[in-house]
Amino acid sequence: MCRIHGYFGADLAPTALDAARDAQLAGGPDQQHSVRGDRWGLGCNRLAIQDPAHGRQPFTNTDGSVHAVFNGEIYNFRAIREELAAHGVRVAGDSDGSVLVPYYELHGDRFTDRLDGMYAIALVDLRGAPRLKLWCDPLAVKSLYYAADGPGVVFASEPAGLTALRSTPSALDPLAVDHYLNWQCLPPGSSWLAGVSTLGPGEGLVHDGERLTVRRPPVPLPPVAPRAEPAGSVGGVPGGPPDAEHTPEGLRALLTREVEQMSLQTAPVAVQVSGGLDSAVLATLLARRRPDVTGFHVTHEGSHATDEESYAREAAAHAGIPLEVVEIREAELPELIPAMVAALGTPNATPHALSAYVLFREIHRSGFRVCFTGDGADEQFGGYRRYSTALAAPDPDRTDPTDPTDRTDRADPAGRTDRRAWTAWADRYLDRLSLLPYDAYRRLCTPGFRALADSGANSRERARRLLARPAPSRLEQLLEFDRSYKLPGLNLRKLDQLAMAHAVEGRVPYCQPSVTRFARGTPDALKVAGSRRKGILWDAGAPLIPRAVRDRPKQPFTFPVGAFLRPGGKLWDFVMDVLARPRLCAAGILDAEAVRAVLTEHADGRDHARLLWGLMVLELSLP
């Protein structure tokens, strides 16, 4: 796990790589190295986890014609090493990244199709016409920012690293505000800064010194290389392990294999134990695999309806692991919030980002470098209430809306008998994903900014188009939208940036390609049936979790912002100070009177806590 940076096709000062290195030092404190050539350079800050004695980056082939840097983890690296050995290639040590350059030389650009893991890879190939190539894993678990800078391109794992490489100052992209208020984050492909993009799930990029080309991923996900598996397990064939049968038992076996494959390092393991299903399953599977697992849980000062500490303690006790509990105190908030926003790099409106920031800080202080989290389970298997609500909405193509078998809801609305009905349904769903309903958002912005957003394809229109992509069913339409756009932009980018800010690697078994393939192939009724959501995962996890967790209602991992954001409290005073003279109003983006009205209404008892939190984060994120 590392922080990477570099440039290609540009004449940068020798100090540019050093500046990018220093801007990303927290995520790679162990080793910092770089390599430079004619109008190109690659750098890496390493967080050494797998075989610290080997795996020094940048990686280089024997004749110095191919160089690479890499951020992430390749879980099937030992199987790849065996494949390389069969071709007469010996790779020293036991570092996962050491296989990347020879594997690229063996398979060419499609070598990433055979990688099982999370990664952002940058490679300079000097054979023939020199080229820079970038790749991102299938769900964009690892972030990679890039910008065309004059004739060349620069890239980095964090916005701060990219800014250090750019020849011109990075300014705010006003349309990023449109994205943020509609998504609560910046969706894949977008950035907070003008001229800066991110690689989306499964995307690649090639720059030949003159032109930049972005390559879109194939769908469905490509096969992976054979994996090293424990004795007696299935798999080990060129296409990877066979897809599990779509039953609770098949899913449980698949998760067991993934957790085993992802926990091979010698360093001890932390696991976030929220008190819910997803993390409780991981805690038990990890504890069965190794004896050095510790659970971590975040709680909040005072008594709150969202408190989950008792469930977390039940889950940890059932798994047989110790649980460390860290409390966020109200007096700390004015100091914690700016640090969290800085670590995020790009704005994220979810209050639980603060809980995640404190969680990873405590994990780091306790000496851990690897933490497993349950991110992705809801998006893979339909865990959110909004899925049930969307499935219950009338479909204009149904003859009998009360008959669930009478369905022709193939996502593209162009052929529907009533496009307005489809748009209304889609907008209700998208409103649930937004910081505030679309009509209220329009009232919050100035007329000038509304006109700017409407001058091109605004964020809501883009979201409608993405949601309307063809899918086998309405449920899979929703899940694919969330997997491909909402999950990478909101939760996975948050995980990557906040964990690495504390030199901790976040591992996400529910985001593994095999789990995505399993989820895509699982019948809808096994995922969501009426009010029962994520059914197949509940059934798969039942033997692994305590009854208290099985019987409880779903509770998202959160920070109780409503309880703390009350007039006279520390958080209220901090938010009032931040929003007293917001730069977003001075810039003509938000309407000052509308912002004051939101503050007044909240003080008078109308709950705007989530909106005020989001506006505060937005203001603090401005460059």
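Start at Pro-623, in the segment after α26 (609-621); helices here are DSSP runs of H or I, at least four residues, numbered from the N terminus. Before going further, note that this is a predicted model, where local features need pLDDT of at least 70, side-chain atom pairs count only at pLDDT 80 or more, and totals for chains, interfaces and linings use all residues. Residues are numbered from 1 along each chain as its sequence is written, and side-chain values use heavy atoms, with hydrogens and water left out.

Is Pro-623 buried or exposed? Exposed, because its relative accessibility is 58% (buried is under 20% relative accessible area, exposed over 50%, partly exposed in between, with a 1.4 Å probe and protein chains only). Show its neighbours: leaving out residues up to four places away in sequence, Pro-623 touches Ser-170, Leu-172, Trp-192, Leu-193 and Arg-583, a contact being heavy atoms within 4.5 Å.

Next, select Trp-613. Setting aside residues up to four places away in sequence, Trp-613 touches Ile-337, Met-340, Ala-349, Thr-350, Pro-351, Leu-354, Phe-559, Val-561 and Leu-571. Trp-613 is also one of the residues that touch the most other members in the largest nonpolar core, which has 129 residues; Leu-181, Phe-360 and Leu-590 are among the others. Such a core is a set of buried Ala, Val, Leu, Ile, Met, Phe, Trp, Tyr and Cys residues joined through side-chain atoms within 4.5 Å. Another core, of 22 residues, lies apart from it and includes Cys-185, Leu-466, Tyr-485 and Val-528.

Now go to Asn-348, in the loop between α9 (333-344) and α10 (352-365). Asn-348 counts as buried because its relative accessibility is 3%. What does its side chain reach? There is a 2.5 Å polar contact with the side chain of Thr-350 (N or O atoms within 3.5 Å, one able to donate a hydrogen and the other to accept it; residues adjacent in sequence count only if both atoms are side-chain atoms). A polar atom of the Asn-348 side chain also lies 2.9 Å from the backbone oxygen of Leu-490. Its contacts beyond four places in sequence include Tyr-180, Lys-494 and Val-617.

Last stop: select Val-298, His-300, Thr-306, Glu-308 and Thr-558, which lie nearest the centre of the largest cavity among its ten lining residues.

How values were computed
On a 1 Å grid over the protein atoms alone, a cavity is a set of points where a 1.4 Å probe fits but cannot get out, and a pocket is an open set with protein on both sides within 12 Å along at least five of seven lines; lining residues have an atom within 4 Å of a point. Helices (H or I, at least four residues) and strands (E, at least two) are DSSP runs, numbered from the N terminus.
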